[in-house]
Amino acid sequence: MKKFLPALTVITMVIALFSCSTVPLTGRRQLSLVGDAQVNQSAAASYSQLLSDPKTKVISYGADAQRMKRIGNNLAMAIESYLKSNGYGDQYSFQWEFNLIQSPEVNAWCMPGGKVAVYSGLLPIANTDAYLAVVMGHEIGHAIARHSAERISQQTLAQFGGSLAGIAVAKQSQVMQGLFSQAYGVGTQVVLLKYSRDQESEADRLGLTFMAMAGYDPHAAIAFWQRMAAQNTSASQPEFLSTHPADATRIANIQNLIPEAMKYYKK
């Protein structure tokens with residue numbers, strides 16, 4: 001067991017060292033075990049399947065759909081300009097698509113490769129262009145930072161480590177194996193949740209900067225997330241077991257990030 005653990009550590013370090021990429025703007029190094037082409041292809045297929053589902057009602061016309069597409073295109077142009085001017089242009093091949101979906105759900109998301117959906121239930125809260133840019137910038141931030149691919153990589157590495165570590169305790173007592181399995185399972189779950197919260201905060205940082213580049217005042221993010229917090233009336237679980245930062249934590253972090261984003265603000 002003692003001899004095996006250093007070997008496991010070395011293997012993990014080698015994988016992490018030679019399978020990393022860099023997140024634009026933040027400069028954070030991230031684990032990257034899966035290629036963008038594979039992830040983007042799967043995302044595009046899922047997006048197409050969703051839109052073609054008879055249960056999905058896409059709003060193609062009207063002021064709301066036009067507003068969402070206009071803001072999305074403004075963000076996309078600003079982001080592509082930034083990526084190109086900072087040497088990331090060859091690393092991204094986004095086929096942008098923006099669709100408004102009829103649903104009471106208060107939600108929006110961006111799949112890898114630039115496939116964006118906004119649910120109509122969000123519009124009463126995101127009732128200004130700047131508010132909607134906050135949400136769309138945040139969701140696009142996840143895609144630019146390759147968070148989906150990163151989560152897949154983290155889970156892959158976690159499963160790999162668990163398999164190897166399981167071999168190390170195979171000769172131990174049944175009690176020891178049970179304790180190890182519990183410790184590894186719970187420990188890994190909490191770590192992956194922490195990664196998710198970090199990704200949310202990184203998406204906030206990227207989203208603030210992207211909306212500023214596109215001409216939307218980042219200060220609007222404070223009011224928007226306060227409006228979102230007011231919608232959350234249910235009892236929340238402890239932050240350390242949540243995939244998203246607590247509302248107060250997120251708002252405080254955004255306040256600290258606004259000065260950086262304002263450097264890119266163009267009215």
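Me: In the hairpin of β5 and β6, which residue takes a positive phi?

Reply: The model is a predicted one. Strands β5 and β6 run antiparallel and are joined by 4 bridges. The hairpin that they form has 3 residues between the strands, and the one with a positive phi, near 90°, is G113.

Me: Which residue of β6 is the bridge partner of M111?

Reply: Strand β5 covers residues 108-111, and its pairing with β6 is antiparallel. Within this pairing, M111 has as its bridge partner K115.

Me: What is the strand order of the open sheet?

Reply: The sheet has 4 strands with mixed pairing. Strands pair through backbone hydrogen bonds in either a parallel or an antiparallel sense. Here β4 and β6 pair in the parallel sense, whereas β5 and β6 run antiparallel. The order is β3-β4-β6-β5.

Me: Which strands stand at the edges, and why is one side of each left without a neighbour in the sheet?

Reply: A strand at the edge here has a single partner strand, so one side is left without a neighbour in the sheet. This applies to β3 (58-59) and β5 (108-111).

Me: Is β6 largely enclosed or open, and how many of its residues are buried?

Reply: On one side of β6, K115, A117 and Y119 are buried, and on the other V116 and V118 are buried as well, so both faces are covered. The strand is therefore largely enclosed by the rest of the structure, the count of buried residues being 5 of the 5.

Me: Which helix lies across β3, β4, β5 and β6, and at what angle to β4 does it run?

Reply: Two helices may be considered. Helix α3 (residues 63-85) lies across β3, β4 and β6, at about 150° to β4. The helix that lies across β3, β4, β5 and β6 is α2 (residues 36-52), and its angle to β4 is about 35°.

Me: Which residue makes a side-chain polar contact with E150?

Reply: E150 lies in helix α5 (residues 147-168). With a relative accessible area of 3%, E150 is buried. Residues touched by E150, beyond those up to four places away in sequence, are R28, Q30, L31 and Q199. The side-chain polar contact, at 3.1 Å, is with Q199.

Key:
Residues numbered from 1 in each chain as written. Predicted model: local features only at pLDDT ≥ 70, side-chain atom pairs only at ≥ 80, totals over all residues. Heavy atoms only, no water. Pairing = 2+ DSSP bridges. Contact = heavy atoms within 4.5 Å. Axes fitted to C-alpha atoms, helices over the stretch in contact; angles between N-to-C directions. Buried < 20%, exposed > 50% of the residue type's maximum accessible area, 1.4 Å probe, protein only. Polar contact = N/O pair within 3.5 Å; in protein donor to acceptor, adjacent residues only side chain to side chain.
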